[in-house]
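Please look through the chain below and follow the notes that come after it.

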Amino acid sequence: MEWQLQQLAAVYVHPVLLPATAWLRAGAARPHHNIPRGIGPSVGLQQTAPLEGLSAPGMLPALNDLGTVRAVDVGSQLFGFTGPGWVALKNCLWRPLFHATDNDVGTYGKVSYFFSDDPDRFSLDKDTGVILLMARLDFETTQRYTLTVIARDGGGEETTGRVRINVLDVNDNIPTFQKEAYLGALRENEPSVTQVVRLRASDEDSPPNNQITYSITQASAFRNYFDIAVSEGYGVISVNHPLDYEQVANGVIYLTVMAKDAGNPPLNSTVPVTIEVFDENDNPPTFSKPSYIITVMEDIMAGATVLFLNATDMDRSREYGQESIIYSLEGSSHFRINARSGEITTTSLLDREAKSEYILIVRAVDGGVGHHQKTGIAMVNITLLDINDNYPTWKDEPYFINLVEMTPPNSDVTTVVAIDPDLGENGTVVYSIRPPNKFYSLNSTTGKIRTTGVLLDRENPNAQEAQLMRRIVVSVTDCGRPPLRATSSATVFVNLLDLNDNDPTFQNLPFTAEIAEGLPAGSSVFQVVSIDLDEGPNGQVTYRMQVGMPRMDFLINSTSGLVISTAVLDRERIAEYYLRVVASDAGMPSKSSTSTLTVKVLDVNDESPTFFPAVYNVSLPENVARDFKVVRLNCTDADVGLNAELSYFITGGNQDGKFSVGFRDGVVRTVVSLDRETVASYTLILEAIDNGPTGNRRTGTATVYVTILDVNDNRPIFLQSSYEVSVPEDIPAASSIVQARGSLPPGPLGGRRGSPALWAPAPWL
């Protein structure tokens with residue numbers, strides 16, 4: 001017995017019991033095929049719509065077409081069935097599905113139904129013979145089920161029959177793509193009708209339900225650029241216009257492709273298709289401007305950022321676009337560029353005074369290779385702004401100039417020049433004379449030096465003023481903020497040229513020169529020195545003696561000024577000379593000076609002391625007191641000084657030391673009392689010695705005769721000291737007792753008692 005079961009559509013509802021003459025009904029679209037009505041003995045299948053897709057309990061598909069199932073002869077036993085039947089899923093039936101008859105009656109005629117095996121999708125009501133559908137049917141899994149049914153009566157008799165159930169297909173499978181997503185790729189600018197991607201969907205339904213058509217339902221961009229067609233069972237996506245990568249967001253186009261089957265109603269499914277557009281290097285890097293003009297301070301640090309350059313490449317891929325750009329720089333080693341970021345930085349310290357402007361060529365190349373690589377070029381003009389970082393420097397320092405003394409006021413001397421390579425006020429210099437100099441003035445702007453009204457005298461004896469006249473110290477400062485002063489001053493050395501404005505000046509005249517007498521002719525007397533503060537011929541001095549001198553015992557060398565004697569000099573003849581010396585320069589006209597040289601002839605010990613008179617006669621009484629001045633000697637020495645300084649000595653006739661002579665004054669004096677009775681006269685030898693040099697002292701001699709005059713200075717002297725006599729006691733008066741004898745010292749009176757001593761002083765005492 002075959003059963004033809006109608007497959008349900010895709011709308012599911014809870015099953016309901018229907019009369020035997022109706023199928024389950026759903027509220028969805030009606031199927032296009034019916035199961036034929038009626039029962040007949042024929043064996044075979046009715047060509048009807050399938051009953052695929054009956055749901056498991058609680059999920060029965062609703063049927064909206066009617067149909068009956070015929071009982072057919074299967075095997076050896078023919079079961080008869082009457083009336084329309086029910087097919088049920090769990091509590092939902094088709095009945096009567098089939099019915100077995102037993103001609104017995106009573107208990108023996110009651111038939112019970114059983115499956116010979118235990119099918120997993122069907123169950124059998126043993127009393128009614130209703131076959132119950134227990135699970136969903138799937139045409140694509142099993143198209144036919146064969147069930148063996150046992151009918152057993154109450155007497156234990158049984159028979160076997162087969163039920164063949166054909167599952168008819170319904171459009172219950174949606175088309176299924178082979179992949180969950182598809183990826184296609186093409187390069188921009190590809191020509192039209194280029195295949196991009198092939199995709200395929202399958203439908204497990206049977207024809208015509210599994211006949212699939214493809215369509216593009218959605219595109220993220222350029223929908224009209226894509227077509228899809230079926231070729232060899234594949235859906236082939238192609239482009240009909242070249243694409244521009246730069247107009248495609250992120251280089252990717254997202255398509256949604258739908259596969260739709262031919263069922264009624266048709267089922268469909270969609271799949272995402274990602275079309276990756278590959279960039280062609282068709283755009284060069286482009287800078288925002290062809291050239292950049294910037295300024296930076298010249299004291300910018302090494303490594304500091306100067307400029308960020310950003311080239312734009314309309315290509316949007318990493319390979320050729322913005323991220324592929326490599327920057328390079330040429331034009332100066334003082335700058336470098338970051339190859340990726342385009343940041344231009346300094347590599348070292350800059351100096352505007354060395355170079356004020358840099359022109360750099362910056363290249364941006366993309367990721368192309370060989371002739372496909374594209375390049376953008378920009379010029380960067382960097383101008384350095386000045387700061388006051390340079391000290392003024394002297395151009396020709398030191399300065400050496402010639403200037404005639406006595407130059408009039410406000411005459412040009414020279415111009416000093418200092419250079420400051422900075423710009424503007426930073427490079428503007430101001431000059432000043434430091435320390436101040438009263439002889440010169442300075443223009444603070446031009447550096448021109450002029451004379452003032454103070455006289456320039458090359459021969460100025462003031463050392464400080466002479467230095468100021470010959471040395472001008474100039475300082476220079478720029479006008480920057482803060483101002484910078486030159487590290488050193490400039491010195492202007494002034495060579496004052498001479499005028500013959502000075503007379504020769506004797507340096508050692510007037511002077512008294514001394515020369516010893518007796519030197520031979522030609523002996524040097526004195527070196528005359530004269531200075532003329534002028535120079536050259538103006539300061540060249542010659543010497544001469546003034547004409548008309550009364551005695552020419554001297555001669556002067558005209559060049560050296562050496563004075564020499566022309567004769568042997570005798571001090572005792574001329575002790576002093578007065579020489580007039582004339583010093584003249586060689587200027588035009590000549591200037592001269594005159595001065596006096598006094599030549600003093602020095603004494604030598606060439607003269608002996610001379611007494612006058614040479615013999616002295618002196619008489620003096622013997623009773624003169626001690627230290628009595630006997631005589632003053634008169635002695636002279638024609639020499640002078642020590643040579644004429646005399647010393648006196650008694651060299652003879654003073655054996656008893658009665659006399660002395662003054663060492664310096666030449667006065668002869670008594671030392672002790674004189675005694676005529678002992679020595680009546682003296683002959684004294686006196687010597688005068690000068691104080692000349694030792695070994696060359698000279699002496700003179702004089703004789704002094706001294707006569708001692710007697711005075712009564714002696715008593716009579718008894719011949720014996722005592723006398724002893726014996727006389728009688730009665731000797732008469734006036735008798736001679738004894739005779740005493742006495743004597744007097746010898747003298748001029750012949751020793752007579754009481755003889756007076758006569759004397760008279762010498763006339764020179």
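Val 725 is found in the loop between strand 52 (717–718) and strand 53 (742–743); strands (E, at least two residues) and helices (H or I, at least four residues) are DSSP runs, numbered from the N terminus. The model is predicted, so local features need pLDDT of at least 70 and side-chain atom pairs count only at pLDDT 80 or more, while totals for chains, interfaces and linings use all residues. Residues are numbered from 1 along each chain as its sequence is written, and side-chain values use heavy atoms, with hydrogens and water left out.

**Surface patch**

- Val 725 is partly exposed, because its relative accessible area is 38%; buried means under 20%, exposed means over 50%, and partly exposed lies in between (1.4 Å probe, protein chains only).
- Val 725 belongs to a nonpolar surface patch of about 630 Å², together with Phe 718, Leu 719, Tyr 723, Val 727, Ile 737 and Val 738.
- Patches are made of residues with over 30% relative accessible area and no salt bridge; like charges are joined within 9 Å, and nonpolar side chains (Val, Leu, Ile, Met, Phe, Trp, Tyr) within 5 Å.
- Accessible areas come from the Shrake-Rupley method with a 1.4 Å probe, and for residues only the protein chains shown count as cover.

**Salt bridges**

- Side chains of opposite charge can pair when their charged atoms come close.
- A salt bridge is a side-chain nitrogen of Lys or Arg within 4 Å of a carboxyl oxygen of Asp or Glu, and the count by this rule is 18.
- One of them joins the side chains of Arg 136 and Asp 172 at 4.0 Å, N to O.
- This pair links distant parts of the chain, 36 residues apart: Arg 136 is in the loop between strand 4 (131–133) and strand 5 (144–152), and Asp 172 is in the loop between strand 6 (158–167) and strand 7 (176–177).
- Arg 136 is partly exposed, with a relative accessible area of 32%, whereas Asp 172 counts as buried at 18%.
- Asp 498 and Arg 458 form a salt bridge through their side chains at 3.3 Å, N to O.
- Here the two residues are 40 residues apart, with Asp 498 in the loop between strand 33 (490–497) and strand 34 (505–506), and Arg 458 in the loop between strand 31 (448–451) and helix 2 (463–470).
- Both Asp 498 and Arg 458 are buried.
- Arg 664 and Glu 645 also meet in a salt bridge, at 3.3 Å, N to O.
- Arg 664 lies in the loop between strand 48 (659–661) and strand 49 (667–670), and Glu 645 in the loop between strand 46 (635–636) and strand 47 (646–652), 19 residues apart.
- Arg 664 is partly exposed at 43% relative accessible area, and Glu 645 is partly exposed at 31%.
- Salt bridges that share partners join Arg 458, Glu 459, Asp 498 and Glu 535 into one network.

- Asn 390 sits in the loop between strand 24 (375–385) and strand 25 (393–394).
- Asn 390 is buried, because its relative accessible area is 16%.
- The side chain of Asn 390 makes a polar contact of 2.6 Å with the side chain of Glu 353, and another of 2.9 Å with that of Asp 422.
- A polar contact is a pair of N or O atoms within 3.5 Å; within protein, one must be able to donate a hydrogen and the other to accept it, and residues adjacent in sequence count only if both atoms are side-chain atoms.

**Strands and sheets**

- Two strands pair if DSSP finds at least two bridges between them.
- Strand 13 (residues 234–239) is mostly covered, with 5 of its 6 residues buried.
- Strand 13 pairs with strand 9 (residues 194–199) in the antiparallel sense over 5 bridges, and Gln 195 has Ser 238 as its bridge partner.
- Strand 12 and strand 13 form a hairpin with 2 residues between them, and Glu 232 in the turn has a positive phi of about 55°.
- An open sheet of 3 strands has the order 45-49-48, with antiparallel pairing.
- The edge strands of this sheet are strand 45 (629–632) and strand 48, each pairing on one side only.
- Strand 45 and strand 49 are joined by 3 bridges, and Arg 632 has Val 667 as its bridge partner in strand 49.
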